[in-house]
Amino acid sequence: MQKTVVLCGAPGSGKTTVAQRLVAELDLDYVSTGDLMREEAQEDTERGRQLKEIMAKGELVPDDMVIDLVYSKLAHKTDKGWLLDGFPRTLPQAEALNFLKVKPSVVICLFVSSGALVERISGRQVDPVTKAIYHTTHAPPPAEVVDRLTTRMDDAEVEIIKKRIYDYDDNIDSILEFYSKRNVVVRRVDGNHSVEDVFKLVMSKLPNSLKPAAPEDGVD
């Protein structure tokens, strides 16, 4: 069975930073619903314009739109396996993934206090060239990239941030229950730590079948 890691976490939980490290560590192909939707929102199409308006308001993107974007990505076959960052985010999305006969090897869910989430998001900045994520306080950017940094449209207002967190909280329990009932390994990880510590916690909770093989003695 193909390896598939599902990484869940509220906006600001640090899941994308963790996801990018997991992709490198586990040699998986990366699917980010956030990236897919932001790329689509830049297109001058009816769907692109709809997405841009929805995301600017901090509203949940309709399931059919998200599912269609992810289906298109998963249609490209890979021998590596997938890391799904932010998908599924609702029960219908989990059911759609199940319809494709994609059974996650593990579902990892990062939990962070709501106050910390708001603080993390409100100071977040993105490098549009490298996609690197910085924070004005916790992870300041190097001087040479400061002038090109941007703030995501859905990170700009506190009330929109709170709404996104509320929508996530309103859906996550049903997703975790869906997978638990199907005997999928579900791991809850405390995300109220440094990026390095959270990554180590995530790695420690992976099933053995996903963990990189330890190097043989005498082999670098």
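How much space lies in the largest cavity? About 50 Å³. Keep in mind on this tour that the model is predicted.

**Stop 1: the cavity**

A search of the whole structure finds 1 cavity of 30 Å³ or more. By type, the lining of the largest cavity divides into 6 nonpolar, 2 polar and 2 charged residues. Now colour by element. Strand E1 (4-9) and helix H7 (158-181) each supply at least two residues of this lining. E1 gives the most, with 3 residues.

**Stop 2**

Most peptide bonds are trans. Where does Pro 88 sit? Look in the loop between E3 and helix H5 (91-99).

**Stop 2: helix H1**

Which residues of H1 are buried? Pick out Lys 15, Val 18, Ala 19, Leu 22, Val 23 and Leu 26. Turn the view to look down the axis of H1. The buried residues fall within an arc of 140 degrees, so they line one face of the helix.

Then step just past the end of H1. There Asp 27 takes a positive phi of about 55 degrees.

**Stop 4**

Most residues other than glycine have a negative phi. Select Lys 101, where phi is near 65 degrees, a positive value. Lys 101 lies in the loop between H5 and E4. Is Lys 101 buried or exposed? Its relative accessibility is 77%, so Lys 101 counts as exposed.

Move on to Asn 183. Its phi, near 60 degrees, is positive too. Find Asn 183 in the loop between H7 and strand E7 (186-190). Asn 183 is exposed, with a relative accessible area of 66%.

**Stop 3: helix H6**

Select residues 114-122 to bring up helix H6. Its buried residues are Leu 117, Val 118, Arg 120 and Ile 121. Around the axis they cover an arc of only 165 degrees, which puts them on the same side of H6. Among the elements that cover these buried residues are strand E5 (124-126), strand E6 (133-135) and H7.

**Stop 6**

End at the second largest pocket, with a volume of about 220 Å³. Which residues are the closest to its centre? Select Gln 2, Leu 74, Lys 77, Trp 82 and Val 102; they are the closest of the 14 residues that line this pocket. The lining of the second largest pocket divides into 7 nonpolar, 4 polar and 3 charged residues.

Notes. Residues numbered from 1 in each chain as written. Predicted model: local features only at pLDDT ≥ 70, side-chain atom pairs only at ≥ 80, totals over all residues. Heavy atoms only, no water. 1 Å grid on protein atoms, 1.4 Å probe; cavity = no way out; pocket = protein on both sides within 12 Å on 5 of 7 lines; lining within 4 Å. Points joined across faces, edges and corners; volume = space filled by probe spheres on them. Nonpolar A, V, L, I, M, F, W, Y, C, P; charged D, E, K, R; others polar. Buried < 20%, exposed > 50% of the residue type's maximum accessible area, 1.4 Å probe, protein only. Helix = DSSP H or I, 4+ residues; strand = E, 2+ residues; numbered from the N terminus. Arc of directions from axis to C-beta. Contact = heavy atoms within 4.5 Å.
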